[in-house]
Amino acid sequence: MNPIIDLLILLVLLSDVSQSPLVQAGHVAKAAFASSFSPLSRAIRHTAPRTSLLLRRLANSRNPVPSSERESTAVEEVDIAIVGAGIGGLCAGAILNTLYNKRVGIYESHYLPGGCAHAFDRSVKIGDDLKPTTFTFDSGPTILLGCSKEPYNPLQQVLRAVGVDDQVEWISYDGWGMIEHPQHSLKEKRWKLKVGLDYFENGPLTQFASSSKAMEEFQTLREFTQPLVTGAATIPAMAMRPGKTAIFPLLRYLPSLYQIISNGVEASTGTFAPYINGPIFTVSDQWLRNWLDALAFSLSGLPAERTSAGAMAYVLFDMHRENAALDYPRGGLGKVVEALVNAVEQKSNTGKNNGSRVHLRHHVESIDTNEEGDRVVGLTVRKNGGDKINVKVKDGVICNAPIWSLRNLIKNNNALSVLGSGSYVPSENIVPQQSWMTLPDKELDNGRTGILRPRPASPVADSTAKKSLLERCDFAEMTGSFLHLHVALNKTGLDLKLLEPHYTVMDRGLEGDGDGPCGELNMIAVSNPCVLDQTLAPDGFIVVHAYGAGNEPYDLWTSTSNNSFAESSTYEGLKEQRAIPLWRAIESIIPDARNRTVLSLVGSPLTHQRYLRRPCGTYGAAFEDCLKDGITPIANLLITGDGVFPGIGIPSVALNGASAANGMVGLLEQWLCMDKLKSNNLI
């Protein structure tokens, strides 16, 4: 036996390693790699042949088998069942199928995979055309970092590890356009944020900073946060696993872990507040603070002081390093989703066909346990059309549903008691805390209706660490929701070479008008992906997606939460009214956009709630309320997704998916897998 392994086993017997500073350092390693930038959209190729496995299945899913041919009940047996085909669930399934030889069933309510990153089609007849023209839109991230160049982010690491990275071609570009106070003749500013060494310092920071201290403060801030990144850059996603054994794979990277915690464990795994408000460092320049808040809001839906320190450190590192680049997948983010589905369903790396499958239009009604409630035995699933499936699991279940949904998925009272530590009895009428609040019966003086509230006080007196898992899920703070505007435009006369592939439009300026960059519908992202890939739309057209991510208060839509109202003219009127800043953002780039429009779609918080089953249409959990890992008191039930540290973002959930997959196998099996990946230069 290897003496190092002997020592590791002894450590388990002698201590609760889950509280080790090294494990906590491992958490920040997750955050530093798990940074995506700007949350939403682009559109994928219309002209490509619809022959892929994924697209053929989607066509079949829209044409259910006639009732006379359906089975009324069915039983399926898998090694591991996964609730939800979001990016986290797909990454977990891809790893378990390909690297660990597991038979995986992923069960997704929607008719499309990808969760908040899915693509969708809409068709419209244009002019005298006999046949409708189809446009494919995407509701996923616009900008990613760390996909085309090392250090790779967790998403790209997973794609490489499961052997489908060659199915995604990354297009690199050098920055995005900034527009402040659009269509305001006296206040409007237009500038470009170019990534790379010294571009930010010599450009916008020098031009707009509020004081002469800004340059020194920015450089010092990067120095203080550097250890969070340089250490984490050597720790791969495949080294992560939840629970008390999390420390063991991380010991392969001991020097990096020590580097990460150089500022202390709490500062390394917590929010960015100590780095901008003290005691580690204080940023005093107001313009720089506004800029940091804008970056943070695109990552977490919250200001910098409430965003992961590791995520902020990674962005500050990767955007401003030599040869930095932003990344976009050719064909759109739908290509990434398709590659992950293929990885779930392909043969394993040993050549075995495990029979793993992504099941669309399969709604999970419950996660089923034994009578005692201490072990998961399967799922109850309702197919499109109403037939029930009893899914029996050999190893366990990974839940990729939002953490607020866990309580409703567990029907066994004994299991609820286990998740509630025996003392917490959940109410049927729990109202989760929300980041946004509205003033009753009146609008704010500035015409808006919502504001970001201070960090809400917990409804439970005990500290977060002492709460039961179910309690933490039920009362996790929800960030704000989304507002989307997808448009297809006639591009006649447009010179796309003069446009950027992405813009951030600050409707009321980076400073806001008292509410800063994080105010209600102030920050509007505009994805203009045809600048990079003109095959994303049919000839003669482009697709554009404007959205406010995390800055649309859900409460504005609560009176419209029933389906009859959501289909009414009143609801359509509210969507039209709320979309005004989004149209303004698009028109600041393409002034005659409305005249060019052949198709426009507005997506509201109710859209997210209804189709993606996001409670209150939320962007995700506030960082402070993320579960520290995906472990639960039920031994073979794990949680992944944006409610698990490090939280919101595609790289974050890819990392959590990898961690959950590793948690479903033994430590030795993970260790040997890492050895093989390392020998193939994949980690």
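Is C673 buried or exposed? I looked it up in this model, which is predicted, and C673 comes out buried, with a relative accessible area of 8%. That value is under 20%, the cut-off for buried.

Next I checked C626. This cysteine is buried too, at a relative accessible area of 13%. I then searched for disulfides and found zero in the structure.

On to the rings. How many aromatic pairs does the whole structure hold? My search returned 16.

I looked at F135 and F541 first. Their ring centres are 5.6 Å apart and their planes meet at 85°, so I logged the pair as edge-to-face; the angle has to be over 60 degrees for that label. F135 belongs to strand β4 (residues 133-138) and F541 to strand β18 (residues 541-552), so this pair ties together parts that are 406 residues apart in sequence. I noted both F135 and F541 as buried.

Then I turned to W191 and F208. With ring centres 5.3 Å apart and planes at 50°, this pair is tilted. W191 sits in strand β7 (residues 189-194) and F208 in helix α6 (residues 199-208), so the parts tied together here are 17 residues apart in sequence. W191 is buried, and F208 is as well.

Which residues join W191 in a cluster through ring pairs? I listed F200, F208, F218, W287 and W291.

My last entry concerns a charge and a ring. The charged end of R252 sits over the ring of W671, at 4.7 Å from the ring centre.

Note on methods:
Residues numbered from 1 in each chain as written. Predicted model: local features only at pLDDT ≥ 70, side-chain atom pairs only at ≥ 80, totals over all residues. Heavy atoms only, no water. Disulfide = S-S within 2.5 Å. Buried < 20%, exposed > 50% of the residue type's maximum accessible area, 1.4 Å probe, protein only. Phe/Tyr/Trp six-rings, centres within 6.5 Å; stacked < 30°, edge-to-face > 60°. Helix = DSSP H or I, 4+ residues; strand = E, 2+ residues; numbered from the N terminus. Lys NZ or Arg CZ within 6 Å of the ring centre and 35° of its normal.
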